[in-house]
Amino acid sequence: MTTKKSPQTSLIHSDYTPPAGFGAFPPAIHHASTVLFPNVAALRSGDWKDKSAYTYGLHGTPTTFTLEARLAEIEGGSDCLLAPSGLAAIAMVDFALLKTGDDILLPDNIYNPNRVLGNWLQDTMGITARYYDPLIGAGIAQLIRPNTRLIWAEAPGSVSMEVPDLPAICAAAKDKGVVVALDNTWSAGIALRAFDLGVDIVVQALTKYQSGGADVLMGAVITQDKSLHDRLALSHMRLGYGVGADDAYLVMRGLPTLKLRFDAHDAGARKVAAWLKARPEITKVLHPAFEDCPGHDTWKRDFTGAGGLFSVLFDARYSEEQTDRFVDALKLFKIGFSWGGPNSLCVPYRIQAMRRGWPDAGILVRFNIGLEDPDDLIADIEAALALLQS
Ligand SMILES: *Cc1c(COP(=O)(O)O)cnc(C)c1O
């Protein structure tokens, strides 16, 4: 980027150059498994790692390389690798950096499939996976062992919403030569400059805000450090990760509106959360912009915004049966996983079973605020809450 532009302008004016003689804003969609070489010498000298050339569809096309470059630019990184899902992006990191005998640290509030993967590495691969209090901050130094190779972080944890002190965790990790990988999906790369805080690897579930349509599954792994990128690229190649050209285009199509949508999710979520905060049925609003949320001060220091995702705790006098009835009664909020699309969603979690030493009583319910009018969402919640009294 030659001149500095605001994030919103950069999302629209990217470095993409259309093919000669065909001026148009959208990048082309290139489908290919076979990529043709002009002669045998070119075939023999072809290097799959070289992104200025093409060797095979699985290793990248102009479409996927364009999306990778755009995502790296948004996140403030230099390189990006695409994966067929957010979870596949997480696995790419584990398989790139870990071998038998190694140790990893994961926050106790990590995205649950990442925990399932960590436990599987422990049970079958001779790797130890240990869990830390997401609010541990600099205290993580005491947990790092000589064989610790990777520390996962998530900011905030996408169910219980604690915001970790990333600069403190990263400084302790750097001190001992341990890589920090951050699942930065909640902020979409828009509201947190992860590399500036010392993070080494950023994972994004593009399935969420980047695609924005609840119609694509994709993930990305973004780095600033070339040698880390090279290790990840080997993992990407060995695992045979590819993404479809049409899916890559769908994600690209979402990027110019990424910040506008993110800001609209943010505004809607804060309005709904503030309304819930005043309700007697709710004891805590676990939204990083609210004081109830553990790590709220860290969020204020490190983030420039919030997404559409937050949780609330219902008063302990309500049974699970009652809060299930509340969720079932919602009409605009649909019941289902994921987030970042136009539709609002609601999921109750059995958080006490998911987390060791969870301090609070009461049922945790997670809301994903979509792009509907927040006043309509509030009316929907108000009508469903009325059922709790009956
Ligand atoms: C959704 C999600 C993922 C995984 O993305 P998929 O594309 O669904 O595999 C990873 N991390 C977080 C925080 C997520 O919300």
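This is a dialogue about a predicted model and the terms used to describe it.

Mentor: Residues are numbered from 1 along each chain as its sequence is written, and side-chain values use heavy atoms, with hydrogens and water left out. Because the model is predicted, local features need pLDDT of at least 70 and side-chain atom pairs count only at pLDDT 80 or more, while totals for chains, interfaces and linings use all residues.

Trainee: Why is Lys-208 called buried?

Mentor: Buried means under 20% relative accessible area, exposed over 50%, and partly exposed in between, with a 1.4 Å probe and protein chains only; Lys-208 has a relative accessible area of 10%, and is therefore buried. The UniProt annotation "modified residue: N6-(pyridoxal phosphate)lysine", from an unreviewed entry, covers Lys-208, although such annotations may be inferred rather than shown by experiment.

Trainee: Where does Lys-208 lie, and which residues is it in contact with, its neighbours within four places in sequence left aside?

Mentor: Lys-208 is in the loop between β6 (201–205) and β7 (219–223), where strands are DSSP runs of E with at least two residues and helices are runs of H or I with at least four. With those sequence neighbours left aside, Lys-208 is in contact with Thr-185, Ser-338, Trp-339 and Gly-340, contact meaning heavy atoms within 4.5 Å.

Trainee: What makes Ser-338 partly exposed?

Mentor: Its relative accessibility is 27%, so Ser-338 counts as partly exposed. Ser-338 lies in the loop between α11 (320–329) and β10 (345–349), and has a positive phi of about 80° although it is not a glycine.

Trainee: Why is Ala-188 called buried?

Mentor: Ala-188 has 1% relative accessibility, and therefore counts as buried. Ala-188 lies in the loop between β5 (179–183) and β6, and its phi, near 60°, is a positive value in a residue other than glycine. Most residues other than glycine have a negative phi.
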